[in-house]
Each structure stands twice: as structure tokens, then as C-alpha cells.
Amino acid sequence: MASSPGKQPAQPELESIVRGNRRSDLVMAGIGMIVLLVAMALLAAVFIDLAVKGWPRLINPDFYINFPSRHPEQAGILSAAVGTTLVMLVTALVAIPLGVAAGVYLEEYAARSWITDVIEINVSNLAGVPSIIYGLLALGLFVHAFGLGETILTAGLVLALLILPVIIVATREAIRSIPLELREAAYGLGADKWQTVRLYVLPAARPGILTGAIVGLARAIGEAAPVITIGALTFIAFLPPPPVQAQPPFINFEWLSSPFTVMPIQLFNWVSRPQAEFHINAAATGVVLMVMTLGMNGLAIYIRYRLRRDAR
Amino acid sequence: MLKRASAVSAFAVLAAISAPMIHAADLVKVDGSSTVFPITEAMAEEFQKTEKGKTQVTVGISGTGGGFKKFCRGETDISDASRPIKESEVKLCKENGIEYIELPVALDALTVVINPKNDWVDRLSVEELKKMWEPAAQDKITNWNQIRPGFPDRPLKLFGPGTDSGTYDYFVEAVIEGKSTRGDFTASEDDNVLVQGVASDVNALGFFGLAYYDENQGKLKAAPISWKGGKAVSPSVENAKNASYQPLSRPIFIYVNKKTADEKAYVRRFVEFYLDNRNSQKLVKEVGYVPLPEKAYDMAMNNFKKRQTGTVFHGSEVGIGIEELLARAPK
């Protein structure tokens, strides 16, 4: 890379440098490949192990439409799957707008001062706080101080807090990667700051933002600790009221205040039961959870691909 | 898209805050010990069937201590407990004006297990267990031959439940008669980890609830226990029920909020379903625990109908027959 001005090295010397660099490139690529393969193999091993163990339940449709039960072969994940879905809905609706807004503010509007520096350091640190701490915060704040109770709303809010830093950081990275020319062109046409952000910067940053959001949600879906702390249940054999209904006003929000359980808790409970049949259920639940996570990551990749293509 | 999402979420939050936080169906809220959970789960499952959807039951596993915290704030109707209520919890309930009815619902036999290849242990006395587990044994008692002359020269590997569990608390009370055990043993909150540990090490010894031994009889051996010079008794449903397996049989409980039992007929129906011999004898056994003698459930039902509040336990007590406990007047 570095071209030394002045004295040009002799031809054979140059060739040996190039050869040496090629070799180290190859070695690095090899190391990278091995690390990647090890990581993939570990994931595959876990997945295959769970899938083989959980197979008898995975192929049984009852597993997906039954409530938990003391009979392992009749127990299902319905209440846990619905609980997880609704909690994720709340989390997404709260965390994405808040996180994107915070990211936009920090990147576009905030004046450089020590206060913004402190906020920035805090946001990065928050991403590393153990999830149980969020659970304790939510227990004190949402459950007791605000009186929201041990509900889907509380769980959605605590998981939203948990992934907020991820979304803020992703939004900022995405915005930062927008070329300056785009902004300057918008200003040149007479757009004000908000118009520039709304019409040019955000649409261009969308792939990065969505990736961040979905990676955050994929983390939230597997969390058990904060949800147990705020009082998610383990046995619940009924579903929350549906969010949509036939009579006006067609949507209702009663489900937000409903008790619930989520898949990681159901899994944890089955793993710790003495009967080996419950361990089959746990393995099957693990597979479903992994498929959901991988599915969300796949969706992120697809959206990014689509939006990149559209942007061209 | 983002704008729409934020509008919806703002609306959702507003609606949620203004929405009344009540539910249409009758709801019995139970929380507490994970040891009692399988029993309450079975009861809830069957009770919901007989109620045909009119009443719903939810069961959490916050642990015995966590469950009492909620119960004494009036957040739950029933608390599952794998040990009697503690002095500090009695105080908390009193401060909040919560009166409770203490009801034993089953027995659990703490089982001391060894590896099946262990051919030197035919029985163990409580004194020998104490020698192994007491705090003074830490770093000193590390070999089987220190426990009894005649035991082989082999390292002693101990496995037990985590210090937060009611099982651990009871073992400490029954065997050590102190506050804690030694600290240098392999602890896990997941009893299946303990099963694996003991099953894969000839020199291991561990303890946990009878259900985990029952399900793993091929991989483990249970040590018969002798107490106060008596003869050694094996842990089993029968020996726990007839009170001969002592001092490691323990009652497990539910605590019912007296006020909700008075006010809510469906809470009352659930507790009566729970204590009814027709349900309890069958369901408790099905999930791997030891049912109380029939007479004991009748006595518990009687205590519930009389709304006898308070606890009959005074500090640490082990090895008392269940019927004797039920006949006691609470303080």
C-alpha cells in the first residue's frame, strides 16, 4: 500500500514483498475461515442436537396448539408462543420509534457539548448492562411505582429498554454512513433540516436501522431473566384477549394488561423437571425459539437486500 | 412507516394507561416455590377443566421467598411454599394486614443419593451426614475414610441444591441444626445437573427431592438414613407417608389469603378442590410427590373451613408427624 516517494526498491525486492504480503493475506483468510467454521459448527451442533431430541414433539401439531400440562406428551407451547409474540409487538412498537428518534437527535441535532458526550457514553454502557438489572428496574418502576402490574405491557417495556441502546447505536451508524453530498444536495434545493432528515437521510439509512432493530428484537426474544423478575407466570392455560375484534372499535388494548408467559420461561421450567419426557418438550421449544431468532435475522438480511436494491 | 409506527405506539401506551386493569374471567393467582409448582400446576389444570373456563388459574415460580413477598403485599391469592413461613415474612404480612391460612398439601422425602458403583455405603446416619456437610468440615473432611472407619480411601465429592432453595434450607435444619452447610460443594439450582453429577462420579454424594431420584433410579442409588440410633429407612412414598423416614421427610404448603377466600367463591372452590382427597391423593402422586394420609387432608380442609389463620411453626422444627402439626393451634 504505502508508496515510498523517492527511492524505488529494486525489482526482485519488490516481488518478494508482494509474495510475502500475499502469503500473510492467505494465512489471515484461512484463520478467519476456521473461526467462522467453528462458530457455525457449534451453532449447527446445538441446533441438530435439540432438533433430534425434540423431534417427536416438533412433528406433533398438538405441541403448537396445547396449553402447558402435567402430562408431558399433552403439554404445548401455545400460551408461551402467543405471549412471546405479543410482548415482542409491544417491544418493537416502543423501542423502534424511541431508538430511531434518539439516534437521529444525537447524530443530527445535538450540539457537541459535555452533556452529549455523557449521554453517548451512557448509551454505549447501557448496551452492556446485564439484563437482570433491567428486570429489577422495571419491577420497581413499572410494576410498583406506575402500577402497571405483571402484564404484557410491562414485559414489552422492559425488553424495549433492554434493546434501546442497540437500536440507537445502529441508527447512528446508519445515519453516519450517508454521504455528505446527499445532505448538501437537499440543502441546495432549499430543504430545511427536518425535511432533509425525513426525506433523504432516514430513507437512505433504513437498511441499517432495520437491521439494528431486528438484531435487537432477536436478542429480546430469548431473554428470560428480566421477564421472570417482573413476574411472568409459568402455568397459564388461557390466552390474552385478542387485539382485534369483530365489533367496533375493532381493536382493543385489554391484552396489554393480561398476565402472560414467554417461551424462554416455559423452556426453563421444562428443563428443570425431573421427568425425562419434559426434557423432550424443552428441546422442541428450544428449536422453535432458535427458528424464530434465525427467521428474524433472515428477515433483516432480506429487508436490507431489498432496500439496497431499491435504492439503486 | 416509522411515523405510523410511532403514532400507533403512542396510542397504545395511552390506551393501556387509561384501560381498566381488570379481567372479565375469574382469576386465581398463585405464585411461589418451584418445588410446589408441579402439584399446583396439576391442580390448576384439572380445576380449570371442572370449572369449564369460568375460572382461570395462573401459577408463577418466584421461589418460596419471592412468593411470600408478593403474597404479603396482597398481590396473590395463594402462595406455594416448600418451607413454613419465616418470622420476617409473618411480620411483613402483619404490617399489610394480610391474614393467611397455612395448609400442608404434600410430603417430599429429601433423598441422599450415591453412585450405583458405590459399594461401601449401605446406610448413613444423620450424624455421618452432619460430619460431611457441616461448615467445620470445609477443607478438612475430604475423604470417604474420614466419615466411617472401613470406608475406602477415596475423595468425597459433594453435590447439593443452591442456597436459595427451600430444599437446602430444610436439609440444613434437619441435619446440621445450624445456619448453613460447608461452602465447598458443587451447587446447582437445577436438580438435573446434580443427578448428572452424582451419576457420573463413583465418589459422589448428593441430595434432592424424591421425584428426581424416582425418575433416575437406573443412574443413582438412594442411601437409607438412620436417625438418633434408630434403624436405617429407605426414602419412599410409603416410608414418608407413615412418617418412618425421618428427619428428611418434609411437608410442603400452600398459604391462602383469608380475605380473598372469604370474598371470592372461586378461590374457595380452588382450595377445596386442592384438599379434596379424591383429587389430592391421585394428582400429588402423579407428579412425583408423596400425598398426605387421607385423614390429614380432611384435617387441613377442616382448618380451611374454620379459616384458622396463622402458622403452627415456631422456629426450626423437624421430624414432626403431619397429623400432629395439623392438630396444633397456631400461635
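This is a predicted model: local features need pLDDT of at least 70, side-chain atom pairs count only at pLDDT 80 or more; totals for chains, interfaces and linings use all residues.

Student: How do you know that domain 1 of chain B and domain 2 of chain B are in contact?

Tutor: Contact requires heavy atoms within 4.5 Å. By that criterion, 14 residues of domain 1 of chain B touch 12 residues of domain 2 of chain B. Between them the two domains bury about 1,000 Å², with 63% of it on carbon and sulfur atoms.

Student: Why is the pair B:D169 and B:R83 called a salt bridge?

Tutor: The cut-off is 4 Å between a side-chain nitrogen of Lys or Arg and a carboxyl oxygen of Asp or Glu. The closest N and O atoms of B:D169 and B:R83 are 3.9 Å apart, so the pair qualifies. The count between domain 1 of chain B and domain 2 of chain B is one salt bridge. On the side of domain 1 of chain B that touches domain 2 of chain B, the residues are five nonpolar, six polar and three charged.

Student: What makes β7 and β9 of chain B paired strands?

Tutor: Pairing needs at least two bridges. Strand β7 (residues 157–161) and strand β9 (residues 204–208) of chain B are joined by three bridges and run parallel, and therefore they pair. B:K157 stands opposite B:A204 in β9(B).

Student: Which strand order does the open sheet have?

Tutor: The order of its five strands is β8-β7-β9-β5-β10 (chain B), and the pairing is mixed. β8 (186–188) and β10 (221–222) of chain B are at the edges because each has a single partner strand, leaving one side of each without a neighbour in the sheet.

How values were computed: Residues are numbered from 1 along each chain as its sequence is written. Chains are lettered from A and ligands numbered from 1 in the order in which they are written. Side-chain values use heavy atoms; hydrogens and water are left out. Buried area is the accessible area (1.4 Å probe) that two parts lose on being put together, summed over both. Ala, Val, Leu, Ile, Met, Phe, Trp, Tyr, Cys and Pro count as nonpolar, Asp, Glu, Lys and Arg as charged, and the others, Gly among them, as polar. Helices (H or I, at least four residues) and strands (E, at least two) are DSSP runs, numbered from the N terminus.
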